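Thanks for coming, everyone. I would like to walk you through one structure today, beginning with a helix and then turning to some charged pairs.

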Amino acid sequence: MLHELPTEIALYIASYLTLQSLRNVSLVSRKWHSIITDNAQAVYRNAAILHRFILYADLQADSSGQTSDTKQIDWSQFCQRRSQIERGWRGKAPFIARELNSTGKFVHRIKVDQKEKIVMTTRHTGGLSVTDYNTDRVLWATAHVVDYAHCEYDHGYIIFNSQDDSKEVWRYARDFQDSQIPEDFKPDDSMVEASREAAQRHASTTNRGHFRPWALLHMPESTRAFRFSYPTLLSAGANNAYLWDVPTSRLVETISNIQAPNQDGILGSICYVEVNDQYAFFCGSNQLRIFARGGGALVYHLCMKDLQRITWDVLPDNSDEPCPSSFLQPQRLHEAYHVSSTSRSNFVAAHVSSSGKDIAVLTASGIFIWIPGFERLFHREATLDSIVTLLNFNASRDNVRDISIYLALGESNEKAAIGTRKGLFIVSLDPEISKLTAEAPPRPGLSVCRVAKYDNSRYLSSITCLQMTDTEIFFNWYPSSEQSRPTQHTQRVMVIPPPPQHGHLQVPIHIVPSPQPQPQHANQVQAPVQPVPVFGMEGQSDYLPGLDPIESSDDDEMGEDAAPDPPSPTNAEEAGPPPLAETHEEGDEDEGDDVDGGNFVEDADDFEMDSEVEDDMDDELQFGGDGFMQVLVNDWFLPINSSTVHYIHV
């Protein structure tokens, strides 16, 4: 009967059918097959909207001439690819895992431009490099960037902290002319000279991956954390936050007194900040606070005690059902009631979805908080318990220490990547996509997969960055070329601080005990080190960094599967570039191997910058007995773990 309807009505009905239903209907009769194939663009365009593969608002912007991204889309192929991506993130389709070696061995922060296929990395030992992640080739690099630099990237602008707490803004070289640089806060001479040297060293006719200075933003006060979401840079000090319009280099707004006490106390130490066009978000040791832009009013705050006791514990799936993927393994969600702990747990990260309607939050104790439509909370349209979903990644409760490492949110597909000391996890957040694209998951409508091949707890603890795009996750991991080297003998190091700069300051000598790793997620500018208390220093923070002790696994009570200690790094010029490691998942073959070594040959020029940068630092490098390297920063020793960029592509 349906095939006898007018074509317009038949197409209207088809706009409510899922992809699987469209396939089934096209097999019912030649008439329906003809209707779908003859109107494939309209049918699959509607299917893309139904599955939320693309937002209807984006299509409206395209039709009004604001963008041209959707004009040449083959909607049938688009839906097929998007469906494959959704299945891949749920462990139902094969994917590729690769290691990038040309980024260097001491990666600290990672930023990704999926459109340009480039990854930008800063290092523990200083420097910034831009790499083509398809070919593992360095496109551009500079040693100008400080050690342990935090960086932000969006819309062709990359921002990182400078020595004097200023923020350096560089812009994709192909996007502007020097005459367009704003008059206020122009780049200084050192930035211009560094840009000139980098351009000469990495000469290119296309300037792909090249950056040039745009601005040097001087902060009104010392700032602790910053976040860039085009066009706004949010930089937070101890009690005030500053919002900059980066394209014009103007300070457009100040949010004052962010620590103001309320009925639940103060915000606490800032761990992370987030911003969009309507709100500024602050993760503190006591609260998560949301301030409205255009006035700075506090519109909502969240404390740990506000969270419900019922959580969804993330547990291994022990069912007999075969898993299509040997890498991404689906997890089981078990609803459980947990007695409130007396230990405090701070909010380590918060990210707003691309739609601006939802927020994802991670606590140090391993609780992932997903609040869809969070504005309903301060408009009193819903209660927290009625809309929040809590995932507990520390369900075993075998220890009370903080386990969270990093949180990343996908650009447009409502996915989250979560790094903990127990594993890397992918969370599919949108229940509507889950219902339409894959098997509908049970309550709470979310699905979780674990990245099985990256489960070494020691290497997990060393992750300092985790990024997620539409089809990939990027993170730093211990180099596969060094994982098979033998463990060296145990040594301990005592650090004697440098002579005090003030005569009245008494600096004690400390032998630092074994450290408890702290979450690495914070978009803060200081290096991740253990604090050593000092007294009486004016104009300085209350803590100075100490040295993590060097100790091999020989004295540790570790299991049989414990990985060997990292070996001493080798000079890049002597060793040459290690081979590109790449893993293609094909069924269940070679499941015991993490990565397969590949034969990838690079030109010598591709690694020239890396070798020279590392050579320049030889005088400042010292090696501990366990193979960890330390670098002298501000007269204090900081541990440096060797790591390269790994990424997984679905």
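Predicted model: local features only at pLDDT ≥ 70, side-chain atom pairs only at ≥ 80, totals over all residues.

Which are the buried residues of helix H4, residues 40-50? They are Val-43, Tyr-44, Ala-47 and Ala-48, where buried means under 20% relative accessible area, exposed over 50% and partly exposed in between, with a 1.4 Å probe and protein chains only. Seen down the axis of H4, these buried residues fall within an arc of 135 degrees, taken from the directions from the helix axis to the C-beta atoms, so they line one face of the helix.

Residues are numbered from 1 along each chain as its sequence is written, and side-chain values use heavy atoms, with hydrogens and water left out.

Helices (H or I, at least four residues) and strands (E, at least two) are DSSP runs, numbered from the N terminus.

Now to the charged pairs: the structure holds 15 salt bridges, each a side-chain nitrogen of Lys or Arg within 4 Å of a carboxyl oxygen of Asp or Glu. Arg-227 is buried at 15% relative accessibility, and Glu-274 is buried at 4%. Both belong to a network of salt bridges that also includes Lys-111 and Glu-152.
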